[in-house]
Amino acid sequence: MTMFLTIAVIVLIFVVIFQIAKASEYVAVLKGAETSRKQNNKINGFLMLAFLVLGLIGVWYCNKELYGKTLLPHGSASVEGERVDSMLWVTLALTGLVFILTQVLLFWFAYKYQEKENRKAHFFPHSNTLELIWTIIPAVTLTILVVIGLRNWFLFTGEPPKNAMVVEVTGRQFNWMYRYPGKDGTFGKKYFRNIDDANNNPLGLLWDDAMGHDDVVAQTMYLVKGRPVKLIIGSRDVVHDVGLPQFRMKMDAVPGTPTTLWFTPKYTTKEMREITGNPNFVYELSCDQMCGNGHYSMKGSIEVVDQEEFDVWMAKQKSAYLTAFPDKDPANAKPAADSTKTAAAKTEATAVKSTAKM
Amino acid sequence: MSNEAVVHAHPGLAHEVHGDHHEHHHHETFITKYVFSQDHKMIAKQFLITGMVWAVLGGLMSVLFRLQLGYPDATFPWLEDILGKWAKGGRISDSAYYALVTTHGTVLVFFVLTAGLSGTFANFLIPLQVGARDMASPFMNMLSYWFFFIASVVMLSSLFVETGPFSGGWTAYPPLSALGSASPGSKTGMDLWLIAMALFVVSSLLGGLNYIATILNMRTKGMSMTRLPLTIWALFFTAVLGVLSFPVLLSGFILLIFDRNFGTSFYLSDIFVSGVGALPNEGGSAILYQHLFWFLGHPEVYIILLPAMGMVSEILSINSRKPIFGYMAMVGSLFAIAILAFLVWAHHMFVTGLNPFLGSVFVLLTLLIAVPSAIKVFNWLTTLWRGNIRFTPGMMFAIGFVSLFISGGLTGIWLGNSALDIHLHDTYFVIAHFHIVMGVASMFGMFAGVYHWYPKMYGRYLNNTLGYIHFWVTIAGAYMIFWPMHYQGLAGMPRRYYDYSNWESFKQFVELNRFISTVAMIVFAVQILFLFNFFYSIFKGRKVTSQNPWGATTLEWTAPIRPGHGNWTGEIPEVHRWAYDYGKDGKDFIPQTTPVGSDESEHH
């Protein structure tokens with residue numbers, strides 16, 4: 001019923017607008033087409049100016065209302081992200097200036113040079129000087145932006161500092177998995193055909209590679225404040241994207257092609273709670289590349305802590321190998337069950353096969 | 001008193017309207033005149049009206065998904081009535097949401113702003129403005145429309161399959177688009193999507209080749225390339241872009257069809273789909289598709305934008321009663337944009353793990369595009385300067401176009417700089433950027449063209465008052481919808497999220513989202529008002545009573561008010577000058593057909 005009513009009201013509004021429009025045509029005929037055209041011209045000329053003024057007020061109001069909800073008031077949570085922010089401010093200053101200048105000129109000219117009885121349009125077909133000016137000025141300005149941008153770009157995409165820790169991030173529909181290389185600092189080999197969710201091997205690790213026996217697979221990514229981290233990013237199924245808005249970083253997760261990304265966290269999660277004034281603050285890892293119907297729910301969480309806390313956390317983690325083969329765990333030295341044995345044998349066989357293939 | 005009687009009370013003016021074209025008296029049936037027409041003007045109208053149908057559908061889709069974004073907790077029982085299982089309980093499901101977003105994008109980019117815009121105006125204006133009786137191949141031209149029509153039917157049918165239409169985003173990145181097991185939308189819906197797009201590419205190529213051939217070979221006597229109106233230059237570069245880049249897209253699609261149906265591995269490698277297991281494909285590259293796609297995808301942006309730029313240049317000049325400022329610079333910048341359009345595709349791929357050096361080259365070339373764009377903006381501004389401006393509805397939309405092009409173009413400088421793009425990529429900032437600069441701006445170019453050339457198309461005017469209401473509501477609404485999205489982008493809010501309420505980082509925009517959705521609905525309603533104006537005026541609009549109502553110099557206004565097939569009765573007019581002699585030597589305007597007088601000051 002309300003639906004019906006809404007439609008009726010909308011139709012009514014349409015009819016009213018249409019009748020007014022039709023009436024205006026009649027009036028135009030009565031007053032003379034030329035007179036009413038000139039009247040309309042004046043009204044629209046004035047509205048051009050009004051739109052400019054109201055528009056600029058709107059831009060200011062929008063900024064007042066929304067600036068506080070962006071990431072900018074608190075600054076970047078990574079050292080490298082500060083460069084993104086400073087670049088953003090420079091770009092904003094330049095483009096903002098051009099924006100105001102050109103929009104004011106556009107609507108001001110429209111108002112100022114509206115049709116008048118005694119005005120004659122000025123025949124002005126070209127001027128090489130002017131063309132040269134507005135070719136060179138943008139070109140120089142853009143050169144500055146390109147130089148700033150590329151310096152940052154090569155820093156972001158270059159090698160991380162030597163002391164960087166390494167975390168492997170793998171996306172799947174619709175969550176994230178993180179792998180740490182363990183004490184030896186080296187990741188064990190993996191192969192996608194070995195993926196076996198039922199048997200605690202969601203990444204497809206090769207169990208016969210001893211390097212991987214101390215690898216830790218976690219559900220939350222723990223990072224250390226002040227220590228650079230290099231992410232090695234991959235995907236199990238479709239293209240995902242590691243989005244880290246607070247750190248100002250982003251990189252696609254592509255199946256079959258590992259990508260990397262590095263940054264240095266500046267604040268622990270706890271510190272960020274104070275900085276943002278939000279007691280529920282968490283660093284969220286958002287999937288930024290359309291990856292299926294659950295795309296919007298593909299959230300990862302990151303916990304930035306200091307080194308001490310990190311070490312405590314890491315010490316508590318069980319390696320992926322021991323999670324998959326609890327019988328190998330010295331902590332629970334029970335006799336091995338037959339089923340795990342066969343499972344291990346099976347994976348070993350596939351691993352051998354795949355290595356042979358490579 | 002009827003509208004007709006009042007509006008046409010002028011005595012003695014309406015006669016010549018019907019007295020046109022008795023030259024080409026081949027017998028025409030309803031079928032050959034309105035359906036399988038080979039008259040470029042009728043084909044243009046077919047493109048326009050099909051484009052409008054798609055614009056309404058695509059716009060309606062955006063209203064539906066904005067409903068979800070603006071009112072995520074509300075339920076609308078009527079939604080279940082019309083969408084059935086896609087809106088159980090009156091709330092659009094996530095799969096329906098993604099299907100709507102995807103179809104909205106595909107339809108608006110290709111069917112409305114490519115076919116509807118350049119299909120309409122290239123067909124309508126090229127023969128009329130270069131002085132030709134029709135296209136180089138009227139038959140091919142007809143085929144171009146009918147391929148588009150079949151593509152439309154196939155795309156429409158994909159909305160009704162059981163697993164739903166394709167729902168992986170209009171860019172259709174594999175592996176998501178290649179694997180039905182990864183998303184239900186990638187099953188039958190995707191097959192139909194690919195078939196529709198392949199047919200669409202055929203349509204574009206048939207049309208584009210025709211436009212190029214006509215512009216190069218069929219200009220009337222005296223119409224040298226440098227005397228062409230800027231509309232024609234813009235449509236020419238548009239056609240060249242399309243002809244060179246659409247085949248690359250088609251090749252990308254064909255490889256995708258092979259991967260989907262014939263077990264090849266062009267784009268697939270190392271994939272394990274939950275519930276299915278490891279796929280046999282190895283050695284492919286998902287990124288290859290993105291290269292092939294964006295090799296068209298970026299020129300596509302200019303395929304959409306250039307015709308609008310051309311028409312806006314023309315309309316600004318006519319209604320300022322001044323020549324367009326810097327004609328050669330305008331042609332040069334169109335040329336520069338067309339060349340650069342081919343060299344910047346990878347700026348859509350800065351975060352794919354692209355080689356950083358390659359990325360830096362693309363940064364340089366991308367920001368280079370800002371130079372010809374700046375030239376165009378300043379030339380438009382100078383065209384207005386010291387003019388004598390008439391605010392016809394067409395002119396209003398042309399001015400609106402310039403405003404939107406500035407606003408959206410400047411944020412391109414942000415996104416084109418890779419180090420900044422790392423932060424803003426795939427956030428709402430991108431949505432704001434491309435909707436303003438390419439979506440709404442090109443729509444404005446299209447509206448400007450429709451209002452301006454409507455008298456030539458139908459021999460009647462659109463209602464001005466409705467036109468002004470349409471303009472002011474649309475420009476204010478467009479800014480209110482897309483301007484705040486920049487801030488959502490600066491909050492890092494990702495695109496294509498069905499629901500933000502579970503995200504600590506992005507849930508602060510509930511009120512803003514509701515505001516945007518409400519404005520979007522109002523703007524959509526006003527577009528319906530425009531459509532009503534359009535169809536009502538075909539039959540009841542004020543009649544055009546003079547051959548050249550805007551006082552324009554170009555050739556289409558020397559043809560009869562309602563030109564028949566063949567455009568001019570008698571000889572095709574000869575051209576003696578460029579198209580922009582407005583306000584020269586104290587004369588309001590000098591048509592292109594007027595020979596150069598001995599007392600003229602300077603001559604182009």
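Colleague: Where is Asp270(B) found?

Modeller: Asp270(B) sits in the loop between helix 9 (230-261) and strand 1 (272-273) of chain B. Helices and strands here are DSSP runs numbered from the N terminus (helices: H or I, at least four residues; strands: E, at least two). This is a predicted model, in which local features need pLDDT of at least 70 and side-chain atom pairs count only at pLDDT 80 or more, while totals for chains, interfaces and linings use all residues. Residues are numbered from 1 along each chain as its sequence is written, and chains are lettered from A and ligands numbered from 1 in the order in which they are written.

Colleague: What is the phi of Asp270(B), and what is the phi of Arg496(B)?

Modeller: Phi of Asp270(B) is near 55°, and Arg496(B) has a phi of about 55°. Both values stand out, because most residues other than glycine have a negative phi.

Colleague: How do you know that the peptide bond from Pro174(B) to Pro175(B) is cis?

Modeller: Omega there is near 5°. Pro175(B) lies in the loop between helix 7 (138-158) and helix 8 (188-217) of chain B. Chain A has a cis bond too, joining Gln173(A) and Phe174(A), with omega about -5°.

Colleague: What makes a set of residues a nonpolar core?

Modeller: The set must consist of buried Ala, Val, Leu, Ile, Met, Phe, Trp, Tyr and Cys residues joined through C-beta atoms within 7 Å. The largest nonpolar core has 288 residues, and Leu235(B) and Phe401(B) are among those with the most contacts inside it. Helix 6 (residues 94-130) of chain B gives the most to this core, 22 residues.

Colleague: Which residues does Leu235(B) touch?

Modeller: Two residues are in contact if their C-beta atoms, placed from the backbone, lie within 7 Å. Leaving out residues up to four places away in sequence, Leu235(B) touches partners including Phe121(B), Leu125(B), Tyr211(B) and Pro307(B).

Colleague: How do you know that strand 4 (residues 221-224) of chain A and strand 10 of chain A pair?

Modeller: Pairing asks for at least two bridges found by DSSP. These two strands have four bridges, in the parallel sense, and Met221(A) stands opposite Ile302(A). Strand 9 (residues 283-287) of chain A is joined to strand 10 of chain A by four bridges as well, running antiparallel.

Colleague: Why is chain B called as compact as a globular protein of its length?

Modeller: The radius of gyration is taken over C-alpha atoms, and the globule rule is 2.2 Å times the number of residues to the power 0.38. Chain B has 18 helices and two strands. Its radius of gyration is 25 Å, close to the 25 Å that the rule gives for 604 residues, so chain B is as compact as a globular protein of that length. Of its 604 residues, 63% count as buried.

Note on methods. A residue is buried if 20 or more other C-beta atoms lie within 10 Å of its own, exposed if 12 or fewer, and partly exposed in between; C-beta atoms are placed from the backbone.
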